[in-house]
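Please look over the structure shown here before reading on. The report that follows takes up a pair of helices and then a strand.

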Amino acid sequence: MSGKVLMKGNEAFAEAAIRSGCRYYFGYPITPQNEITEYMSRELPKVGGSFVQAESEIAAINMAYGCAVAGGKVFISSSSPGIALMQEGFSFLCSTEIPLVILNVSRGGPGVGSIQPGQADYYQATRGGGNGDYHLLVFAPSSIQEAVDLMPQAFQIAQEYRNPVMLLADGMLGQMMEPVVLFEPIPADRGEDIPGIKPWALTGTGEKRPHNVIKSLYLKPEELEVRILERHRKYEKAKKELVRYETVGLEDAEAVMVAYGSTARIAEEAIEILAEEGIKAGLIRPISLWPYPYEAFDSIPDSVKAVVSVELSMGQMLDDVKIGCRGRFPVSLSGRAGGILITPREIASNVRKALGVER
Amino acid sequence: MKTVFEFTRGMLPEETTYCPGCTHGIAHRLIMEVLEEKGLLGETIGVAPIGCSILAHQYMNIDMCESAHGRAPAVATGIRRAQPDKIVFTYQGDGDLASIGTGEIVHAACRGEQFTTFFINNAIYGMTGGQMAPTSLPGQKTTTTAEGRNTEVSGNPIRMAELIATLSGAVFVERVSLDSPANVRKAKIAVRKAIEVQQKRLGFSFVEILSTCPTNWGCNPVKALEWLRENMIPYYPLGNLKCPEEVK
């Protein structure tokens, strides 16, 4: 294991992808994730990989699809409006069951919005911005270290599930610097090993096997339904295997906050502020956003008087928090929008309001 | 007994979904024959995007994938990175390549991507039922131009081969037609040269193939061939626009 290094989030994400064995990246410039694209353009050729600056995010996701269809281990990144343009591709990759790792360094929206950190892509990530019955498998790191550690797992899950995996970060994680320990590089797949690892991949028949076909169109409804049901079983399996979360101090809490990504770290500071005032607050930090850790809410004791969803949005994860609470507790929002980071004091104030003790 | 003709192994023994008189079948066969003659059937990966020919993989006996509408050149760009030693091609219609996918085809050509695009130009949207294509001729009647294409409203048809030929990354550009046996033979030579350009990794190669759509043109297969000859060829002149010395 290498020692601790100080790295900017975006560069650490890119390095982690390369160390995960990724050798292909397709990107289009968009703030606040440009360091990833620049890093890949510089570093991938050094390890025998390929970088292409695409003419648009639409082209980038389709290049990624083509490369992954042909057996490549592919990573792409963008930020909110660019991710919006890629949605057709995400739907297509889910329908054709092609592995891919996607990073969204999200910013304020809607529209062009701002280039400051945001969490208003929650619906887009977990509900699917593309058409049809499909899901991305979505994980939200709250530190650069966690993002780095999630990266090889994301590639492994994408390959095992044959489904795109999204890491949902935000502009703060992308732009800040933190000490990080990088894992030892995982060897890249050798070209001659691809047909064995991915027998479905388009590698040329060599006239030795029937041709491989990757298809999304099913003109017969009965055939399409069979495919959708197959994928649905996969998603049910994901709900059993991929749920991840952390909890802090739920046992004797009066109020519970729910927060993901860098916002969870701000919420942890709010716990300390509230504790000084004699208010015990707990935290649920979902790491997997799809599948969502609804079961975490079952461990909230009945004595809790309020649950507060803390988000950099006008309340998107709020829906999942309500589902998780199943009507057991009043649920409210502590949110900022437009690219403004919420402060620990604002969160603490919102928790006090939810408890009815705000002076 | 000496075998004088065999159906190419590049085509699977399937009945196609194409309409009677549609020239997709001829175009498919020419490409597959060239690949078989060059011993490349096992080394080739094809991309078929939205359009009637999205189902080309049912007939072409090579590794293939479907692609979203217009995106095949981006998909082929990605395939080329993961499979640098293979032959890669896209097979795209006019709505796909010259309308929704103009960005992808122009930039793939600009980068000089090492793959071949076969562009089927039949001057209409076939799969969706006969709407105006970017290549529909002035005055041509379609389901969205019932009175004929009005160039005041819709502009003039795009000549894609000429447009692509302006890009230095595109090193082989030719327009051919499938309206007569003589032209079919010329088309096959162009397909062969385009594949040779790719084998030699000289740059991007592009073959525009003027084709028929009797169903949506509202005529029988023979009339369709005549219509192509009399109306399309004058607007879309046949011939080679660019050819590297190495394959002349």
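## Two helices in chain B

In α1(B), the residues Ile26(B), Leu30(B), Ile31(B), Glu33(B) and Val34(B) meet Val184(B), Ala187(B), Lys188(B), Val191(B), Arg192(B) and Ile195(B) in α7(B), where contact requires C-beta atoms, placed from the backbone, to lie within 7 Å. By class, this contact of α1(B) with α7(B) has 8 nonpolar, no polar and 3 charged residues.

The axes of helix α1 (residues 24–37) of chain B and helix α7 (residues 181–199) of chain B come within 9 Å and cross at roughly 45 degrees. That makes α1(B) oblique to α7(B), since angles under 35 degrees count as roughly parallel, over 145 as roughly antiparallel, 65 to 115 as roughly perpendicular and the rest as oblique.

## Basis of the model

This is a predicted model, in which local features need pLDDT of at least 70 and side-chain atom pairs count only at pLDDT 80 or more, while totals for chains, interfaces and linings use all residues. Residues are numbered from 1 along each chain as its sequence is written, and chains are lettered from A and ligands numbered from 1 in the order in which they are written.

## A buried strand in chain A

In strand β5 (residues 100–106) of chain A, 7 of the 7 residues are buried, so the strand is largely enclosed by the rest of the structure; buried means that 20 or more other C-beta atoms lie within 10 Å of a residue's own. Leu100(A), Ile102(A), Asn104(A) and Ser106(A) point one way from β5(A), whereas Val101(A), Leu103(A) and Val105(A) point the other way.

Strand β4 (residues 74–78) of chain A runs parallel to β5(A) and is joined to it by 4 bridges, with Asn104(A) as the bridge partner of Ser78(A).

Definitions and conventions: A residue is buried if 20 or more other C-beta atoms lie within 10 Å of its own, exposed if 12 or fewer, and partly exposed in between; C-beta atoms are placed from the backbone. Two strands pair if DSSP finds at least two bridges between them. Axes are lines fitted to C-alpha atoms, for helices over the stretch in contact, and angles run from 0 to 180 degrees between N-to-C directions. Ala, Val, Leu, Ile, Met, Phe, Trp, Tyr, Cys and Pro count as nonpolar, Asp, Glu, Lys and Arg as charged, and the others, Gly among them, as polar.
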